[in-house]
Amino acid sequence: MGERENSNIIASDFKHGKNFKIGDFCIIHEGCEVGDNVIIENFVLLKKGTKIGDNVFVDSYVKSSGSNRIGSNVTLRFNATIAREVTIEDDVFIGPNVTFTNDKYPRSKIYPEQFAKTIIKKGASIGANATILCGLTIGENSIIGAGSVITKDIPPNTMWYGNPAEPK
């Protein structure tokens, strides 16, 4: 896996930019990269191939399942779970306990040949406890209300709330 650095386990090929700060008890797998001015709080898991831009705040207990691209000026709040194959563009806010899925028909020990790709466009905000089903695009500057369940693509510059979410 890698070297132990203080209370963290960090892959030996991990790359980070200037002014990188990391809390305690984090695990960073091989192939991960983070840009300049990134803060990673305690108990964060970044799985294989996670790429993070500049000026990003990753709060405690955030989990990135790998093969994710996270842009610059992004905030990932407490306990967000980012499934494989999620792209988060620049200037996005992901609230606490937000969950991204990556399999439309999950079954124990039966995996899809390819995980569905989800894209969160520039400037979008996703409120606390929202669930984003896989294979969707959340439009630029859109707002997803707290507790919402997103089951379809969201157009840019719109607000959606509810379960299932509807435009407001």
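A salt bridge is taken as a side-chain nitrogen of Lys or Arg within 4 Å of a carboxyl oxygen of Asp or Glu. The model is predicted, so local features need pLDDT of at least 70 and side-chain atom pairs count only at pLDDT 80 or more, while totals for chains, interfaces and linings use all residues. Residues are numbered from 1 along each chain as its sequence is written, and side-chain values use heavy atoms, with hydrogens and water left out.

By the salt-bridge rule, the count comes to 5. Side chains of opposite charge can pair when their charged atoms come close. One of the bridges joins E33 to K51, with the closest N and O atoms 3.6 Å apart. E33 belongs to strand β6 and K51 to strand β9, 18 residues apart, and the pair links distant parts of the chain. Strands (E, at least two residues) are DSSP runs, numbered from the N terminus. Both side chains are partly exposed, a class between buried (under 20% relative accessible area) and exposed (over 50%), as found with a 1.4 Å probe and protein chains only. The relative accessible area is 31% for E33 and 24% for K51.

Strands β6 (residues 33-34) and β9 (residues 51-52) run parallel and are joined by 2 bridges. Two strands pair if DSSP finds at least two bridges between them. V34 stands opposite I52 in β9. Both strands belong to an open sheet of 7 strands with parallel pairing, in the order β3-β6-β9-β12-β15-β18-β21. Its edge strands, β3 (15-16) and β21 (137-138), each pair on one side only.

K117 and E85 meet at 3.0 Å, N to O. K117 lies in the loop between β17 (99-100) and β18 (118-120), and E85 in the loop between β14 (81-82) and β15, 32 residues apart. K117 is partly exposed at 48%. D91 bridges to K122, the closest N and O atoms being 3.8 Å apart. D91 sits in the loop between β15 and β16, K122 in the loop between β18 and β19 (125-126), 31 residues apart. Relative accessibility is 34% for D91 and 40% for K122.

The structure holds 4 aromatic pairs. Rings of Phe, Tyr and Trp (its six-membered ring) pair if their centres lie within 6.5 Å; planes under 30 degrees apart count as stacked, over 60 as edge-to-face and the rest as tilted. The F43 and Y61 rings are stacked, because their centres are 4.9 Å apart and their planes stand at 5°. F43 lies in the loop between β7 (39-40) and β8 (45-46), and Y61 in the loop between β10 (57-58) and β11 (63-64), so the pair ties together parts 18 residues apart in sequence. F25, F43, Y61 and F78 form one aromatic cluster. These four residues also make a nonpolar surface patch of about 390 Å². Patches are made of residues with over 30% relative accessible area and no salt bridge; like charges are joined within 9 Å, nonpolar side chains (Val, Leu, Ile, Met, Phe, Trp, Tyr) within 5 Å. Accessible areas come from the Shrake-Rupley method with a 1.4 Å probe; for residues, only the protein chains shown count as cover. Relative accessible area is 48% for F25, 38% for F43 and 35% for Y61.

Most residues other than glycine have a negative phi, and most peptide bonds are trans. Phi is positive for F43, near 60°, and for D91, near 65°. A cis peptide bond joins N163 and P164, with omega about -5°. P164 is found in the loop between β24 (159-162) and β25 (165-167).

Methods:
Helices (H or I, at least four residues) and strands (E, at least two) are DSSP runs, numbered from the N terminus.
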